[in-house]
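Biologist: Could you take me through this model chain by chain and give the cut-offs as you go?

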Amino acid sequence: MKQSASKSYDAIIVGGGHNGLVCAAYLARAGRKVLVLEKRHLVGGAAVSEEIFPGFTYSVCSYVVSLLRPWIIRDLNLVEHGYQTIPLECSFSPYPDGRSLCRWSDADETRREISRFSTRDAEIYGTYGATMARLAAFAKPIIDSPAPQPASLDPRELLQLFRLGKNLRDLPADLLEQELGLMTMSAVDFLDAWFESDQLKAPMACSGIIGTFQGVRSPGTAYVLLHHYMGEIDGAFRSWGFARGGTGGVSNAIASSAQAFGAEIRTSAGVDRMLVANGKCGGVVLDSGEEIRARTVISGVDPRLTFMGLVGSEHLPDEFVKELTRFRYRGSSGKVNLALDRLPEFACRPGSSAHLRGDIAIAPSIDYLERAYDEAKYGKFSRRPYLNVVIPSLVDSTIAPPGKHVMSCFVQYAPYDLEGGAERWPEQREAFGDTVIDTLEEYIPDLREIILHRQVLTPWDLEQEFGLTEGNIFHGELSLEQLAFLRPVSGWAHYKTPINNLWMCASGTHPGGGIMGAPGALAAKAMLKSGAL
Amino acid sequence: MSAAKSALVLGAGHNGLAAAIRLAQSGRSVTVLERCSQPGGVARVEEFHPGYRVPGIQHGTLGLRRRVAVELGLASFGLRFLEEPAAVFVPQLDGAGLVVRPGADALPLGLAERAPDDERAWKDWRRELAPIRSVLDALIDQAPPQLEDAGLPTLLKLARPGLNFRRLGADAMGRILRAAPMCAEDLLSDTFGDPLLRAYLASRGIEGAFLGPRSAGSGALLLLRELAGGNGVAGGASALTKALFAAAQAAGVEFKFDATVDALVLKDRRIQSVRLRDDRGLDSDLVISCLGVRSTFALMEGVVPDRERRAAERVRARGTTAAIRLALSAPLRFRGRETETFEFARIVDTTVELERAFDNTKHREACSAPWLDVAIPSATRSDFAPDGHAAVSVLVHNAPFNLDGGWTEEQKSALLEAVLSRLESHTENLRSSLVASQHLAPTDLAEVYELDGGHPMQAELGLDQLWIQRPSVHLARYETGVAGLILGGRAMHPGGEFSGSSGLIAADYALSTS
């Protein structure tokens, strides 16, 4: 067995996803000697840009950014390291009857669009946005600090709980009603209380289900609506954006920052297992057999891969293993990336492209979305899925040849547990891709003629290629019972694990998935504060 | 000496009766106004075919809290709690099925044979859940705290259940907080192996809710029913009605039956009087309405407070329940259990089947295989059917109020047929002994029992319509925004099948603030 005896590290981070990189950067910034190990040939995890087809750069998995915490951008000087976002200008939804709705960043324009469906909804839309923004401001401290521990007797924890309670109490009555509703209702029930138009509610409700195995009518989906109002790009609320050069641009900026602080990054360095003895972790063994030791090992991969895959359940307490097996993944989405010969034209808005410079939701009605979910519950991918489509090449000329375009389609529902077993996905892959194209063709009649290349990623592929257990893009479902102090396991929600010197820093911990960077940063801070490093 | 202050109670259901007794106990002179000719509300005894009766659409009394019986002195009026909950038979086509005592620790009979590992799992589950009871008791038996404009005392009151809760210890707390928002399907598949047990328990998480076993919140309802239920009383819902009615009369409560309320007359944001359909007006400065929330607001005449009115309009009450009554010329015999007599049965198969049935419901479609909640009151009481005959009440929980195309006679007949064929597959003698039947679609229930949206609970159960949100944050304190007009029906906390609790707490609240 080879051994790299020459160096000793304070910390090894397993997995170079955006959270692993954020964690590495914070630790390096604090003067610690850090090594990031990434299995693939490039860093970024699910936040990567790759030239899959010559001349075309796909944001292979994750495709829009907004939640990356502003304090992380500042702390890590990410702008200097090339982090740049281009705001989405609108949200566009075509309907089968030839009508369409586009919500613009311009409020008056949006009101005019909505009033074609409902004047009442058009009038109230602005108030809704303002209300949600106020509620988001209330929720933000929660994603910017470690999860409160209701069972703890530590006075600081109690104080934090008290503060949360007080914040809640200080909300005006009407906001309080909305806040409680958000925590307990379905996205549709919540929106029903505001709006009457199905065409408006359907695309809005979608933000409650992205990446979950829930339907828009499932209770508990309303709170995710807030995420849309929590996004900050350069401090501007409610904006989602593209990263220049594709989503990998975010990861590259963080990696560059980490390296500038002195962190070392090795790619094509897959970890085979962690070195655990007597309840302590002392390093890792690479796929190559190379052994690397460190004072601390930090997992940037999901909980199941960490503990069942790299640690081994024999090193863990039974109760912990039991709780881990109960932690649910159930990936529900796939991705289809297209290289296009020219800009696609939606039949409902011919001759213009302004409405394509944001995101496009194929979510024509609440019933459509709910039926898409119903099929997935019984192990079938949706015959007519919900699609969230972007054409980032319209605003970023670096990712496609002139005149050509990249179209990225997020597809839901694609249940990991396909009828007959998840391993049937490879044989279903092309049929799944065809379903997506068929769905889009109903709105873009000549789509097939302009496709130069297509890449189809099923939940199975997300697991095999990107190490996302069961294809879950958030490292575990973001359902209420898997959030905050319950993520991933009650009693182990503060980035520590039952193995000494082994920590967690990725989306399987509080506050969860999305390109927030918060788990990585909060984990680094917790480690430094506890004196573990 | 001045005359006793008066109070009016709308509705002589269990909540109305409980409220009336409490008000009378405090010295008020109370009149109950009831639209029908007898008390009981949704539990009133009805003769659906000459000689055959059912206790309305209320199958059990497991929700009756001991506190209600004690504080209203119901024991003196013949009310007796059972030693253990009545058995519910859960049959299965290709096996012996289960016999469960809902909410009790007792191991379901047949479980050990069906799934040996589940015996241990059941015991562990009941043991792990036991500490939650005391927390639930504290929450259920009192008014939810007022969150708006809360002062320090309210905050402390709010903190108390939280502190009790913390005393359970980190492990138990973690388990409970994790279980509460889960869906029944996940909660149960984490716990039990037997599909039939899972289906039975899941049905307890979706009853009275617009939920399937895969909907979040169904786990909380399941836990609520499993832990906050009592043993029920001898004689069932009709015996409870009788005791409450007798107690009310003894307390001096006056009853006006066949009295339909036409309007609640308001003046200066106060209740002034209640006008009946026959134009009689009854003045009172205190009215407790045990009607639905929407119905109560619809009756208001005068300046209605805007915030509360809008909140009332938003209360969700999408009925999904239909009632089928069957008159049989012989006792109902279950296949393979011909010699046994059951008062209750629940026909379920798997959680997937329950989910598919809910798919139909939420898409406003008729369901060909609904799950059935069966009560056979004649099994234990002789006055519900002629000697040797049976009266059967079936509640069907997959019947959407707003069925596509409406509840036509064809649709109702199809529902009856679906119920008969499902029941037939588990019984020996159903069709041969069928004398008569009655079917009530949710739209019928809305009329017969004056239910908002045809919903037996007057407001859906679900995480967003419980406790401080039952039926809405702005209404959860039993107040309507109109001084002296208080809500006390099943739509209010704790509501649902907690017979009489809402009425009692509403009356206490009214007395403490008036």
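Predicted model: local features only at pLDDT ≥ 70, side-chain atom pairs only at ≥ 80, totals over all residues.

Modeller: Residues are numbered from 1 along each chain as its sequence is written, while chains are lettered from A and ligands numbered from 1 in the order in which they are written.

Biologist: What radius of gyration does chain B have, against that of a compact globule?

Modeller: The radius is taken over C-alpha atoms, and the globule rule is 2.2 Å times the number of residues to the power 0.38. With 514 residues, the rule gives a value near 24 Å, so chain B agrees with it at 22 Å.

Biologist: Which residues of helix H3 of chain A are buried?

Modeller: Helices are DSSP runs of H or I with at least four residues, numbered from the N terminus. Buried means 20 or more other C-beta atoms within 10 Å of the residue's own, exposed 12 or fewer, with C-beta atoms placed from the backbone. In H3(A), residues 107-115, the buried ones are A:Thr110, A:Glu113 and A:Ile114.

Biologist: Why do they line one face of the helix?

Modeller: The arc is that of the directions from the helix axis to the C-beta atoms. The face turned away from the buried side carries the exposed A:Asp108 and A:Arg112. The buried residues line one face because, down the axis of H3(A), they fall within an arc of 95°.

Biologist: Which helix gives the most to the side of chain B that touches chain A?

Modeller: Residues are in contact if their C-beta atoms, placed from the backbone, lie within 7 Å. On that basis 30 residues of chain B are in contact with 28 of chain A. Helices H6, H7 and H14 of chain B each give two or more residues. The most, five residues, comes from H7(B).

Notes:
Contact = placed C-beta atoms within 7 Å.
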